[in-house]
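Let's take a walk through this protein together, from the overall fold to the side chains that meet across it. Have the sequence and the model open as you read.

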Amino acid sequence: MDSYVEADLVVGVPESGNAAALGYAMQSGIPYGNAFVKNGYVGRTFIKPKQSNRESAVRVKLNVLKEAVNGKRIIMIDDSIVRGTTSERIVKMLRDAGATEVHVRVSSPPFLWFCYFGTDIPQREQLIAYNRRIDDICKIIGADSLGYLGIDRLGGLVKGKKICTGCFNGVYPIEPPAGDIRGEFEQ
């Protein structure tokens, strides 16, 4: 991730962003806190088949603790930004709850390619980072600033282990499928 910004509170997007948010807070010296109550009955929002489903799922999935963010500069840490729907909604929710600034930091590099091993995205054009600069993504999601973990930093996080970076750089550990991998329901 890039350099630190001045802020009052570091928060993670539950649950996947919490560990990175705690680490960011410890390194930066900015207090860590909770800003969200998560509905555990809603799954991953970015894999919903339709945009309208993704938007309504985000509204049901998270609620902001207004008392935690009102009048504060927030650094929001998430594990990834895939389509941007969730990030855009969460940034808006934080602002609606009174956050004066929302700085987004992502504990992965930008998703630029298909992920055949976990993130179901049928078209690269659906990836918010595809053919966009970070400044453009920042504007789309409504954040004051945006930073991603550099792909060069991934190896240091999992010393001695091989990892797949295909969704970040298009280099896959095995030959990806040639055809449409979506199931019948999604097609």
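What follows starts with the overall layout, then moves through a helix, the strands and the salt bridges.

First, a word on what you're looking at: this is a predicted model, so local features need pLDDT of at least 70 and side-chain atom pairs count only at pLDDT 80 or more, while totals for chains, interfaces and linings use all residues. Residues are numbered from 1 along each chain as its sequence is written, and side-chain values use heavy atoms, with hydrogens and water left out.

Now the big picture. The protein has seven helices and seven strands. Both kinds of element are DSSP runs numbered from the N terminus, with helices being H or I of at least four residues and strands being E of at least two. Read from the N terminus, the order is β-α-β-β-α-β-α-β-α-β-α-β-α-α. Of the 187 residues, 40% count as buried; buried here means under 20% relative accessible area, exposed means over 50%, and partly exposed is in between, with a 1.4 Å probe and protein chains only. Take the contacts with a separation of 6 or more: residues 24 or more positions apart account for 69% of them, a contact being heavy atoms within 4.5 Å. The protein exposes about 10200 Å², and carbon and sulfur atoms supply 51% of that. Accessible areas come from the Shrake-Rupley method with a 1.4 Å probe, and for residues only the protein chains shown count as cover.

Let's zoom in on helix H1, residues 18-28. Which of its residues are buried? Asn18, Ala21, Tyr24 and Ala25 are. Seen down the axis of H1, these buried residues fall within an arc of 120°, so they line one face of the helix; the arc is that of the directions from the helix axis to the C-beta atoms. The buried residues of H1 pack against strands E1 (9-12), E2 (32-33), E5 (73-78) and E6 (101-106). Just after the helix, Gly29 takes a positive phi of about 80°.

Met26 shows up again in a nonpolar surface patch with Leu22 and Tyr32, and together the three have about 310 Å² of accessible area. Patches are made of residues with over 30% relative accessible area and no salt bridge, joining like charges within 9 Å and nonpolar side chains (Val, Leu, Ile, Met, Phe, Trp, Tyr) within 5 Å. Tyr32 lies in strand E2 and counts as partly exposed at 32% relative accessibility.

That brings us to the strands, where two strands pair if DSSP finds at least two bridges between them. E1 and E2 pair in the parallel sense over two bridges, with Val10 opposite Tyr32. E1 also runs parallel to E5, joined by four bridges; here the bridge partner of Val11 is Met76. In E1, Leu9 and Val11 point one way, Val10 and Gly12 the other way, and all are buried. Six bridges join E5 to E6, again parallel, and Ile77 has Arg105 as its bridge partner in E6. Five of the six residues of E6 are buried, so this strand is largely enclosed by the rest of the structure.

Finally, the charges. Side chains of opposite charge can pair when their charged atoms come close. The structure holds five salt bridges, each being a side-chain nitrogen of Lys or Arg within 4 Å of a carboxyl oxygen of Asp or Glu. One of them joins Glu6 and Arg73 (3.7 Å, N to O). That pair links distant parts of the chain, 67 residues apart: Glu6 in the segment before E1 and Arg73 in E5. Glu6 is exposed at 64% relative accessibility, whereas Arg73 is partly exposed at 24%.

Helix H4 (residues 85-96) takes part in others. Lys92 and Asp96 form a salt bridge, their closest N and O atoms being 2.8 Å apart; the two are four residues apart in H4, and therefore separated by about one helical turn. Arg95 forms a salt bridge with Asp144, also with closest N and O atoms 2.8 Å apart. This pair links distant parts of the chain, 49 residues apart: Arg95 in H4 and Asp144 in the loop between helix H5 (134-141) and strand E7 (145-148). Arg95 is partly exposed at 28%, and Asp144 is partly exposed at 39%. Back at the other site, salt bridges that share partners join Glu6, Asp8 and Arg73 into one network.
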